[in-house]
Amino acid sequence: MKSDSRLATMGPIPLTILRDLMMNRFVWIVFLCILGMGCGRRGKMMEIETVSVGNESSESQAPDIEISEGDWPMWRGPDQNGELADSNTPVQWSESENVTWKHEIPGRGHASPVIVGDRVFIATADPQKETQSLLCLSRETGEVLWNQVVNQGGLPRIHSKNSQASATPASDGHLVFVTFANHERVQLAAYDMEGALVWDCDAGPYQSDHGFGASPTLFGRSVIVAGDSSLNGFLAAVDRASGDILWRVQRDGPGQRGNYSTPIVATLAGRPQLIQTGYLQTKSYDPSNGELLWTIDGPSKVTANSVASSDPYLLISGGYDEKQILCVKVEGDGTDASVIWEGSRNVSYVPSPVIVENTALLLADDGTLAAFDLETGKQKWRERLGGNFSATPIQVGEKFYVPDEDGTVFVFEVDPEFQLLSKNTLADGGGMSSVSVSDGSLFIRTNQYLYRVDQPKDEAVAHVSESNTEE
């Protein structure tokens, strides 16, 4: 009888060890792993049906995107760079100071609020009830206008730092789009402003490793979603009007971990490009059809943030288990991409990097904030904020806002040097969600509440709504 080569390389195994293996279940499992019997890979390769834009059967009826000045319509704001022009946002607040309203949000979620006109949209999940929901609140009063349960059951397993509602919704001014991982699929649903379901799309398969975190992004007539599982994944563009899949491309991973980054549409070398990181590579796709434009190696197998862009530069940071910062320059017709500098210090894994004029700003998860020259990578300064961070800094004029994981919101400036303006806390802790801003108001999600915070106004009357949300 021919011996198994795996056993042969181990040499003879004493009978006493074999007896112990049979008696000890844990050791026996480890022994099987050594023999390579199924413990080396996570999940299984998914069958992903690719869809070409050429298969489209009809012209889209999607209206133009209509976002007003002051709206915060998606993850990281209207241009997905986390920046708004200067406005009269507050610098200091507390539970009893400058809070216009607060409202309890049922369940748990890390999705940031989005603000369109007089409405605020936020995603949440209730693990006890096994629901995933989309809520709409009045911007003026915080009153819940409607609460739609999108899913009952089918919630994915998650990491302790994740939630089952971590993807921030997006709105084109007509509909609001929300995405969840559910029943091993990436689900994208569209609701109108009154809470009526317009369409529900199965965007593609998804095997949860540590949960889901990729927010939808908008481009032209489509809403684009990502679903990177441990072995492979996809990017898909869905018609905003009909919910039909316009194109879908497969992404192949290294076979170890899922990926959680949100794809960003950026203009580079004068050309719109859809950028997605993770799976040991950064790739650019044509957002109109999914065609691959370029690929560079890095930064890591797993990324959990978004890139920052300032034409022609991309700032990329990740992740797990490699730790690397890349600055990429895109030239020519938009397909010539090269790394102009890289670094391994002050890498941000979950917080997204930020570009401020000629400065690359990176907030590491351990609370260390560093500034680098965007073109050379030379460090300008480094400052320890303290605490641990998962949220991403947002910029309003010269001010930056970011909460630590305990809920302390740091307000600071960075040019020419770091200057801490204030640290603010609210009664309800928790700071896993990034701050959103609209017309001078800050919208801050804590563990159980959504707060609206404003500069003091003599004529303003604080309205606090702390009643439980009705479904």
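**Close-up views of a predicted model**

View 1. β1 and strand β27 (residues 394-396) pair in the parallel sense over 2 bridges, where strands are DSSP runs of E with at least two residues, numbered from the N terminus, and two strands pair if DSSP finds at least two bridges between them. Within this pairing, Leu 84 has Val 396 of β27 as its bridge partner. The model is predicted, so that local features need pLDDT of at least 70 and side-chain atom pairs count only at pLDDT 80 or more, while totals for chains, interfaces and linings use all residues. Residues are numbered from 1 along each chain as its sequence is written, and side-chain values use heavy atoms, with hydrogens and water left out. The open sheet is formed by 5 strands in the order β1-β27-β28-β29-β30, with mixed pairing. β1 (83-84) and β30 (419-424) each have a single partner strand and stand at the edges, so one side of each lacks a neighbour in the sheet.

**View 2. Phe 410 in strand β29.** Phe 410 lies in strand β29 (residues 409-413) and, at 4% relative accessibility, counts as buried (under 20% relative accessible area, with exposed over 50% and partly exposed in between, for a 1.4 Å probe and protein chains only). Leaving aside residues up to four places away in sequence, Phe 410 touches, among others, Leu 385, Phe 389, Tyr 401 and Leu 420, a contact meaning heavy atoms within 4.5 Å.

**View 3. Glu 331 in strand β21.** Glu 331, in strand β21 (residues 324-331), counts as partly exposed at 33% relative accessibility. The C-alpha atoms of Glu 331 and Ala 269 are separated by 5.3 Å, although these residues are 62 residues apart along the chain.

Key: Helices (H or I, at least four residues) and strands (E, at least two) are DSSP runs, numbered from the N terminus.
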